[in-house]
Amino acid sequence: MSAARAGGSRRKDQKDARAAAEDAAAQADLERVYQHIVSRAPEHDFDPTIDRVRRLFELLGDPQHAFRTIHLTGTNGKTSTARVAERLVREHGLRTGMFTSPHLTSVTERIVVDGEPLSPRRFVEVWEDVYPYVQVVDAELAEAGQSQLSFFEVLTGVAFAAFADTPVDVAIVEVGMGGEWDSTNVVDAEVAVVTPVALDHERWLGSTLEEIATVKSGIVKDGATVVSAAQRPEVEEVLRARAERVGARLLREGVDLDVAARHVAVGGQLLDLRTPAALYTEVFLPLHGEHQAHNALLALAAVEAFLGGRALDGPLVEAAFADVTSPGRLEVVRSSPTVLVDAAHNAAGAEVLALALGEAFDLRHLVGVVAIMADKDAEPLLAALEPVLAEVVVTRNSSERSADPTDLAELAADVFGEDRVHSTERLDEALQMAVDLAERDDTVGVGTGSGVLVTGSVVTVADARVLLGRG
């Protein structure tokens with residue numbers, strides 16, 4: 001090798017080493033910041049008020065008014081719907097921000113600009129800009145005898161500050177919980193999306209569908225457009241009343257928009273979608289399950305309304321839909337045997353998961369790996385999965401809130417029968433046990449017709465993705 005070539009190679013190696021060191025330092029800074037944020041009151045333990053976060057945004061200069069917003073609430077399907085909407089808006093040449101929760105592997109996944117999560121370095125930069133104002137509000141709250149700002153309150157501040165600083169044209173924002181008093185409800189969204197509303201988070205949202213829908217309908221602002229999934233009558237009545245009260249336009253699935261046709265295709269499905277402005281035919285969506293078709297419909301109608309209510313260009317819709325991803329939502333993370341992960345964490349989510357499994361995958365012997373949060377009603381979730389699982393392995397995930405596997409096994413035995421239930425304390429052991437069970441009856445030896453489903457919680461899915469090299 002010539003001296004010039006050797007020198008060039010050394011310089012490249014040095015440059016690569018510096019870049020690796022900088023990336024490692026940025027990751028360490030991110031971890032330090034995240035540990036501070038996560039040490040605050042967690043997402044599931046907070047005061048149901050928006051006044052605290054309003055004060056933070058006032059000090060930040062109200063960054064939420066620097067961009068237009070599509071706001072999403074509901075019980076299931078919010079993140080997938082947000083992802084489709086974001087990709088569709090971006091295909092129209094607008095710079096997008098997207099705020100979703102929870103994350104799978106890194107907190108940076110929650111804050112996305114132009115389709116890419118914030119880099120660790122950028123996340124830390126925004127945090128350092130926001131933190132002095134967080135300290136001011138924390139001090140004011142302490143003086144008033146209140147707890148400091150919560151994890152989700154400060155994370156919302158980071159997201160909206162990042163969007164305003166970029167700046168983005170449009171933010172697609174998913175509520176953390178509920179709607180009316182959610183930290184994200186400082187935005188004045190032109191379009192509100194309500195995915196199917198079911199019983200969940202009763203401790204904070206209420207014990208009836210009417211109570212839950214009332215809290216969620218709080219994101220509907222004066223003169224906005226509301227795009228609603230097909231809802232139970234009591235939920236639809238709450239949304240109708242809210243729309244009338246604030247002068248909003250209500251677009252309802254089954255009345256103003258619908259999935260006109262759908263066909264299972266390799267890697268996803270082909271959709272015909274009817275909106276108030278047009279019929280879009282044979283649009284490919286690389287996501288599995290009828291529920292994803294309805295999520296895509298809501299996203300399409302929302303973006304259509306956001307862009308003035310006109311029909312959107314067909315090729316743009318096709319290009320956007322074809323590029324949609326939704327990690328952790330009926331995602332194939334391994335083959336032979338097939339290992340699927342899905343973040344269903346309540347009965348309604350498990351029901352649509354069970355339907356999608358039967359439609360999209362030919363798995364005659366499916367073994368479940370299930371870890372559920374202790375504050376969830378596990379029995380109806382397990383009951384929804386029972387028809388599609390030959391056996392189930394219950395375990396725990398990495399969260400302190402994870403249900404005890406012994407307790408979960410007792411519930412599972414009532415649903416599945418004791419001979420179909422297995423239990424272990426560790427998720428890695430549960431995965432191996434499930435794979436062994438799936439392969440036990442595989443007479444061909446290549447995983448044909450057998451598989452493993454990991455579900456029960458977003459944390460369970462996140463942990464499994466890391467174990468399987470997808471984190």
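Author: What follows goes through a helix and the sheet beside it, and then turns to a group of aromatic rings.

This is a predicted model, in which local features need pLDDT of at least 70 and side-chain atom pairs count only at pLDDT 80 or more, while totals for chains, interfaces and linings use all residues. Residues are numbered from 1 along each chain as its sequence is written, and side-chain values use heavy atoms, with hydrogens and water left out.

Let us begin with helix α10, which spans residues 314-322 and in which Val 317, Ala 320 and Phe 321 are buried (buried is under 20% relative accessible area, exposed over 50%, partly exposed in between, with a 1.4 Å probe and protein chains only). These three residues cover an arc of only 95° around the axis, which puts them on the same side of α10; the arc is taken from the directions that run from the helix axis to the C-beta atoms. Helices (H or I, at least four residues) and strands (E, at least two) are DSSP runs, numbered from the N terminus.

What lies over that buried side? Among the elements that cover the buried residues of α10 are the helices α3 (78-91) and α9 (290-306), together with the strands β10 (268-274) and β11 (279-285), contact being heavy atoms within 4.5 Å.

The strands β10 and β11 belong to an open sheet of 3 strands, whose order is β9-β10-β11 and whose pairing is antiparallel (two strands pair if DSSP finds at least two bridges between them). Because β9 (258-265) and β11 stand at the edges and have a single partner strand each, one side of each is left without a neighbour in the sheet. From one strand to the next, the twist averages 15°. Between β10 and β11, which run antiparallel, there are 5 bridges, and in this region Leu 270 stands opposite Phe 284 of β11. Helix α10 packs on the sheet by touching β10 and β11, and its direction makes about 25° with that of β11; axes are lines fitted to C-alpha atoms, for helices over the stretch in contact, with angles from 0 to 180 degrees between N-to-C directions.

The second example concerns rings.

The structure holds 8 aromatic pairs (rings of Phe, Tyr and Trp, its six-membered ring, with centres within 6.5 Å; planes under 30 degrees apart are stacked, over 60 edge-to-face and the rest tilted). Phe 67 sits in the loop between α2 (51-59) and β1 (68-73), whereas Phe 163 belongs to helix α5 (residues 151-165), so the pair ties together parts that are 96 residues apart in sequence.

Both Phe 67 and Phe 163 are buried. Phe 163 also forms a pair with Phe 160, this one tilted, at 6.3 Å centre to centre and with 35° between the planes. Phe 160 and Phe 163 are 3 residues apart in helix α5, and are therefore separated by about one helical turn. An α-helix has 3.6 residues a turn, so residues three or four places apart point the same way. Phe 160 counts as buried because its relative accessibility is 0%, and Phe 163 counts as buried with a value of 0%. Ring pairs link Phe 160 and Phe 163 with Phe 57, Phe 67, Phe 99 and Phe 152 into a cluster.
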